[in-house]
Amino acid sequence: MDFHLYDTTLRDGTQQEGLVLTVGNKLEVARALDTFGVSFIEGGWPGAIPKDTEFFRRARHELKLRKAELVAFGATRRPDLAVHEDPQVAALLAAETSVVTLVAKADARHVNLALRTTETENLAMIRDTVRHLTREGRRVFLDAEHFFDGYRTSRGYALRVVEVAAEAGAEVVVLCDTNGGTLPDELGDILTVTATTGVRLGIHCHDDSGCAVANTLLAVDAGATHVQVTAHGYGERCGNANLFTVAANLALKKRIPVVSQDSLSEMSAVAQTIADITAAQPVRAAPYVGVAAFTHKAGLHTSAVRVDPSLYQHIDPEAVGNSMRTLISDMAGRAAIELKAKELGYDVASTSEVVSRVALRVKDMERLGYAFETAPASFELLLLDELGIKRPFEMDSWRMTISGGRVDASVRLEVEGGHGLGAGLGFTPIAALDQALRGALAPSHPDIVEWRLVSCQCWSLDGSLGKPAATRAVVTVTDGQRRVSTVGVDDDAVTASWLALQDAISLVLLTREPIAG
Ligand SMILES: [Zn+2]
């Protein structure tokens with residue numbers, strides 16, 4: 001029996017506040033999920049949501065899936081209506097997917113109070129709809145909604161729903177913790193009892209108790225062979241079980257090959273692709289795929305990582321396409337400096353004096369208000385300074401005037417072979433200075449015009465008694481591909497930003513070609 005990794009990002013995931021996907025976005029997400037290697041992609045609810053009807057229509061022509069099966073989602077027939085007369089059921093067939101997932105109430109209280117029908121009629125609705133769809137050649141999965149709440153209040157009825165669906169021809173009955181409040185021990189016990197029915201079981205967990213992933217894994221231990229998940233754990237309220245965390249845990253820890261090793265090694269890139277499409281930025285500390293998932297900061301800790309990364313990492317980050325990062329801060333010792341330098345492509349292990357000087361300067365500068373972890377390029381520049389690499393330009397003088405809300409700036413600098421002069425005009429001091437600086441450098445370094453200022457953020461630092469607070473500025477520049485962030489500190493906010501900008505441009509010019517070090 002093949003294990004089902006069933007993704008519902010496009011249906012349950014889009015219940016997340018602020019997540020709005022066009023039909024085109026949904027097609028792109030489906031392609032990314034297929035590339036990753038999920039078994040099923042639940043595309044939406046045709047007939048109930050016009051955009052989803054449109055999605056299935058376009059998917060027939062535009063979506064060429066390599067591995068995944070596309071699934072239409074919908075409800076069992078309405079109470080007191082023949083199944084072949086129900087337009088919602090007809091819309092499910094019209095979606096022309098090979099698999100249909102039906103949602104049915106498994107909690108007697110919901111049947112009586114929300115659906116306003118009898119428990120017997122609810123069972124008939126399940127039986128009729130599953131039979132109708134299987135007769136039409138569809139594979140049918142049944143989501144038993146509110147199963148765990150129903151089990152607590154009326155165990156016999158919840159189990160009856162599972163049995164009736166399976167008897168009618170449902171291939172999998174998915175037990176849903178719709179309110180997300182069930183804790184792992186109870187969920188495991190309920191699953192074990194339900195598994196005695198002999199029905200193939202699936203699991204669908206929400207994260208309202210922070211246990212969606214743990215519950216999903218426990219359900220697998222108790223016999224579930226179908227897991228429903230969403231990319232990044234998107235979903236309403238606190239979200240659903242996270243596709244990436246569940247897939248990596250199953251594949252790497254439980255040795256259930258839900259996706260191939262090759263797919264897994266692309267997982268961080270797939271996660272980023274989906275986040276780019278949905279425009280919902282991933283959590284930095286997300287397990288496996290987060291930027292911070294394999295980041296090391298403390299001094300003692302990084303010296304151990306340098307000896308053997310497995311001392312402080314639960315897996316090799318490359319197994320999921322992520323990488324180890326070292327953060328430079330005033331906690332950084334020699335080991336962190338060496339690791340970070342190596343990450344940037346410099347071998348400084350044999351130059352212990354350089355490492356010592358860099359470590360001292362980092363501590364001194366952090367005391368003044370510099371923050372290297374927010375501006376890794378400043379660390380690289382500091383390293384280059386200590387390696388004796390000459391800066392590409394020296395500032396002779398600069399000035400700016402503000403009038404009528406516009407800023408005029410001019411700079412004069414020394415570059416190899418002479419002077420550079422530049423002028424700039426902007427709405428902010430940093431924009432005008434940026435233009436003037438790049439103007440002054442353009443004759444000697446023509447490719448600098450491809451770089452532009454992306455952001456300049458300032459923080460006020462704690463002022464000491466009788467002294468005003470200094471400013472920390474972090475400036476980011478990009479050429480559209482690479483981003484370079486540097487930090488500057490000064491009593492004056494404009495000067496802090498200006499120092500950071502000069503450093504950013506210096507580093508760009510110094511690192512266009514690999515520097516031996
Ligand atoms: Zn759900």
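Visitor: Let's start with a pair of residues: are D12 and H206 buried or exposed?
Guide: Both are buried. Keep in mind that this is a predicted model.

Visitor: OK, and which protein donors does the zinc ion have?
Guide: They are D12 through OD, plus H204 and H206 through NE2, and they lie 2.0 to 2.1 Å from the zinc ion.

Visitor: How are those donor residues spaced in sequence?
Guide: The pattern is D-x191-H-x1-H. D12 is in the loop between β1 and α1, while H206 is in the loop between β7 and α9, so the pair ties together parts that are 194 residues apart in sequence.

Visitor: Switching topic: how much space is in the largest pocket?
Guide: About 870 Å³.

Visitor: And which residues lie nearest its centre?
Guide: R325, T374, P376, R483 and S485, out of 27 lining residues.

Visitor: Which element gives the most to that lining?
Guide: That's α16, with four residues. Domain 2 (295-367) and domain 3 (393-510) each provide at least three residues of the lining.

Visitor: What kinds of residues line the largest pocket?
Guide: The lining has 12 nonpolar, seven polar and eight charged residues.

Visitor: What about the second largest pocket, what's its volume?
Guide: About 440 Å³. Its lining counts 23 residues, and D12 is one of those nearest the centre, along with R11, Q15, W45 and F73. The elements giving two or more residues to this lining are α2 and β5.

How values were computed: Residues are numbered from 1 along each chain as its sequence is written. This is a predicted model: local features need pLDDT of at least 70, side-chain atom pairs count only at pLDDT 80 or more; totals for chains, interfaces and linings use all residues. Side-chain values use heavy atoms; hydrogens and water are left out. Donors are N, O and S atoms within 2.8 Å of the metal (3.2 Å for Na, K and Ca); water is not among the atoms, so sites may look incomplete. Buried means under 20% relative accessible area, exposed over 50%, partly exposed in between (1.4 Å probe, protein chains only). On a 1 Å grid over the protein atoms alone, a cavity is a set of points where a 1.4 Å probe fits but cannot get out, and a pocket is an open set with protein on both sides within 12 Å along at least five of seven lines; lining residues have an atom within 4 Å of a point. Grid points are joined across faces, edges and corners, and a volume is the space filled by probe spheres set on the points. Ala, Val, Leu, Ile, Met, Phe, Trp, Tyr, Cys and Pro count as nonpolar, Asp, Glu, Lys and Arg as charged, and the others, Gly among them, as polar. Domain bounds come from an automatic or database domain assignment.
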